[in-house]
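Subject: Structure handover

Hello,

Here is the structure for you to look over. My notes on what was found follow below it.

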Amino acid sequence: MIYDAEVRNFTPTLKIFKFHIFILLLFLFQSVLLSQQLILQSPPPKPNTNIQTINISDCAFFSLNDFARALGLRTYNNPETGKIVIFFPGKTVKVTVHSTFVMFDNRMTQMSQRAILVNRDDIFVPLYSFMDLLKQSILPDLQYYLADGEYKYKLSESSAAPAISRETFSTTDRGFISDIQFAERGNGLTMKISTNKAFKNSDFSSFFRGDEWFYLTILGATCDSAMLSCLNPAPLVAVLEAIPIGNSVQIALKLKRKYEKASVYYDERTGKILVALNLPLNSATLKKIEEVKNTWIMDTIVIDAGHGGKDPGAPGSWGYKHEKDIVLDIALRLGRLLERRKDIKVVYTRKTDEFIPLWKRTRIANDVSGKLFISLHINALPKSKRGSAEGIELYLQNPTIRTQESIEVARLENEVIQMETGEDKAKYKDYDNPSHILANLVFNTYLHDSEKFAEILSRHISNEVPQKNRGVKQANLFVLVGASMPNLLCELGYNDNRADAKKLSDPVHRQKIALALYKSIIEFKEYCDKSVAQNK
């Protein structure tokens, strides 16, 4: 036989012994009741106000901010010191996080438990002892009660003694935190938090308060507060507190040393939440880091005018220019714009009509510690398709790509190898192998920044160059292999398309292309330099 009843609607119709067992079991379960609501009867609260409460083991806590709002009282919060001041008519109450002491004006009293910090700026205090102090000192007519709004209880009768089971309606998807392991490292402290649920990194929020306290909030989690708070942390941790709050868990650590930075992420491989607290670095280490970071300042731009000398590239038709002459002119125009700036060094793979092997172009860029490599080209299609395509295309290096279009572009740009010496040709062994270690290493290392630059340049082309923008694509281009920096190959039109060829032979149009390249480089430089500055 089963009896169901809300706790606050329980009536004496059950037998007396069942009632006593019910009360006993309810007492045993009181340490896990959460999210009750504090109801003020006197003084009357403002309408539509709620006072959040939480239970930690056998002690109920409530929000001082909610309490002050309910009574229309002014407050002052100091996040740095962890203090809150509540201004009653003619009196003040001051509470400090992690302290049991309360100041009523200039008189100090003590609560049964320490105040706790919740969600960065909300201080919770032990309900009954604080209310008793408040009633003695300021509000003699204070009356209140607790209402449970989240749980209902089921009373079951079987051959065994009756038992109470708790049914929750909002915790089914929460991850249960079962353990926290600490390890001290040479550069700080690590935590491994065991849970039965996968989390997103956006579920974590952390901050330091002063030099002693670190707080981590995990959204969508729950825990056994008493069990976790009894764990033995590392020697560098004085206090560990784990507090379920609504649909999250807040972990607070009182630290014996000052830590500078914290990082939190979910490790899918181990199924644990990993936390790293980093100690401040000494001056020698900071100096070395500063030197390394400065090497990433975008200060050297390498401009590669494709083809040259005995290699005309895409030949000119209708009396228009060859590819090698068009791209050299645009390269020099771009260089002159960049050279006006004192914070940029410009390096050319060629400034005259000369033949440069493909491998040597990236060697030049690497030897000068280039920070961006831009290779300028003009496209063309095979005879059977000539004139059918027009516009500008941007190519990222990808040694694994195998589309028909990418193969054709790579064939066109890579066939210059046939004009090189036997010694030069030997350097390209396995360059077209998708498993080529060097090609894949460079591709993976600089892909993100190369994509960012391509995105910026594509936008400026659309806005400032009166040519069709065919977008950003990928191909296995030997001229980009081995460039130890972000890199991009720009096909600035089709020399076999009469409309494109006419535009590319016009110096005014070529200046527009150079200006779009210049603006893109400056925007990319600002993006990169800002990233370096933010990590200093």
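Ile 392 stands opposite Asn 469, which lies in S28. This is a predicted model, so please read everything here as computed from it. The two strands around that pair are S27, residues 392-397, and S28, and they run parallel, joined over five bridges.

Both belong to an open sheet of six strands with mixed pairing, in the order S25-S24-S26-S29-S27-S28. Its edges are strand S25 (345-348) and strand S28 (469-475), each of which pairs on one side only. From one strand to the next, the twist averages 25°.

Within that order you will also find S26, and one residue of S26 has several entries in my notes. Asn 379 is located in this strand, which covers residues 372-379. Is Asn 379 buried or exposed? Its relative accessibility is 2%, and buried means under 20%, so Asn 379 counts as buried. Its side chain makes a polar contact of 3.0 Å with the side chain of Glu 393. A polar contact of 3.4 Å also links the side chain of Asn 379 with that of Tyr 494.

The other region to look at is around strand S8.

Strand S8 spans residues 101-104, and its side chains alternate between two faces. Val 102 and Phe 104 point to one face and are buried.

S8 has a partner in strand S7 (residues 91-96), with antiparallel pairing over three bridges. Lys 94 has Met 103 of S8 as its bridge partner. The hairpin of S7 and S8 has four residues between the strands, and in it His 98 takes a positive phi near 65°.

S8 also pairs with strand S9, residues 107-110, again in the antiparallel sense, here over four bridges.

One is Asn 379 in strand S26, with its side-chain contacts to Glu 393 and Tyr 494. The other is strand S8, with S7 paired to it and S9 paired to it as well.

Regards

Note on methods: Residues numbered from 1 in each chain as written. Predicted model: local features only at pLDDT ≥ 70, side-chain atom pairs only at ≥ 80, totals over all residues. Heavy atoms only, no water. Buried < 20%, exposed > 50% of the residue type's maximum accessible area, 1.4 Å probe, protein only. Polar contact = N/O pair within 3.5 Å; in protein donor to acceptor, adjacent residues only side chain to side chain. Pairing = 2+ DSSP bridges. Axes fitted to C-alpha atoms, helices over the stretch in contact; angles between N-to-C directions.
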